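Could you walk me through this model? I'm new to it and would like a plain tour.

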Amino acid sequence: MSRRLAAGLLALMLLAGCADGQAPVMGQAAFAAVRLESSDGRTLTLRDLQGRPTLLFFGFTHCPEVCPLSLVKAVQIKRLLGPAAERLQVVFVTVDPQRDTPAHLREYLAAFDPGFLGLAGDEAGTRAITESLGVSYRRVGEGDAVTFEHTASWFLLGADGQLQDVYGYAMSEQAIVEKLRGRLAAAGT
């Protein structure tokens, strides 16, 4: 069997597995297709965030270390940016929507910065968005002890909604701010 035929058959089998008869949303198409509930009461997609650069992080509110430290880093980044921080939106997308309701996200994020926006979607939608950005996560444990292993990077989406940069967990606030200033200046925002 040729590789082309095998690939075609595999694609048909994957599409046949879709319960609603529609192809799964993949790539940056997920930014416009996946509906998310926000901590400020709206239903939106990542594409709806266009208009301002967005610093995006994937995590969960019961995270013992990485997520709160990353959010503290975002607070410091905004402080270091000074007035330019007003042009940047910070968005936290939960990988644990069963526990992280929009109301819980609002309360949690307000402890860091009331301007931070939280987003929660269903499992399939969250998976589509994370995979489109190369983010991985997996549930570990059960019940009250459940936790998640996840990518701990910040993703910068430009005002046009396109991925512009990725800032790793170990990157310092100052290094991120230097890159952000360049991106914000280049975008004219």
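Here is a walk from the sheet to the helices and then to the rings.

First, some ground rules. This is a predicted model, in which local features need pLDDT of at least 70 and side-chain atom pairs count only at pLDDT 80 or more, while totals for chains, interfaces and linings use all residues. Residues are numbered from 1 along each chain as its sequence is written, and side-chain values use heavy atoms, with hydrogens and water left out.

Let's start with the sheet. It is open, has 7 strands and mixed pairing, and its order reads β2-β1-β5-β4-β3-β8-β9. Helices (H or I, at least four residues) and strands (E, at least two) are DSSP runs, numbered from the N terminus, and two strands pair if DSSP finds at least two bridges between them. At the edges sit β2 (43–44) and β9 (163–167), each pairing on one side only. Strands of a sheet pair through backbone hydrogen bonds, either parallel or antiparallel. For β4 (residues 89–94) and β5 (residues 117–120), the sense is parallel, over 3 bridges. Within β5, G118 is the bridge partner of F92.

Now for what packs on the sheet. Helix α5 (residues 123–133) touches β1 (36–38), β3 (54–59), β4, β8 (154–157) and β9, where contact means heavy atoms within 4.5 Å. The direction of α5 makes about 120 degrees with that of β3; axes are lines fitted to C-alpha atoms, for helices over the stretch in contact, and angles run from 0 to 180 degrees between N-to-C directions. Helix α6 (residues 173–187) lies across β3, β8 and β9, and runs at about 170 degrees to β9.

Leaving aside residues up to four places away in sequence, T126 touches T94, V95, G121 and Y137. L133, also found in α5, is buried with a relative accessible area of 9%.

Next comes α3 (residues 66–81). Among the buried residues of α3 are C67, L71, A74 and I77. Their cover includes β3, β4, α4 (102–110), β7 (147–150), β8 and α6. Just after α3, G82 takes a positive phi of about 65 degrees.

Finally, the rings. How many aromatic pairs does a search of the whole structure find? There are 7, with rings of Phe, Tyr and Trp (its six-membered ring) pairing if their centres lie within 6.5 Å; planes under 30 degrees apart count as stacked, over 60 as edge-to-face and the rest as tilted. F58 and F155 make an edge-to-face pair, 6.1 Å centre to centre with 75 degrees between the planes. F58 is in β3 and F155 in β8, so this pair ties together parts that are 97 residues apart in sequence. F58 counts as buried at 0% relative accessibility, and F155 counts as buried at 4%. Elsewhere, F57, F92, Y108, F112 and W154 form one aromatic cluster.

Technical notes:
Buried means under 20% relative accessible area, exposed over 50%, partly exposed in between (1.4 Å probe, protein chains only).
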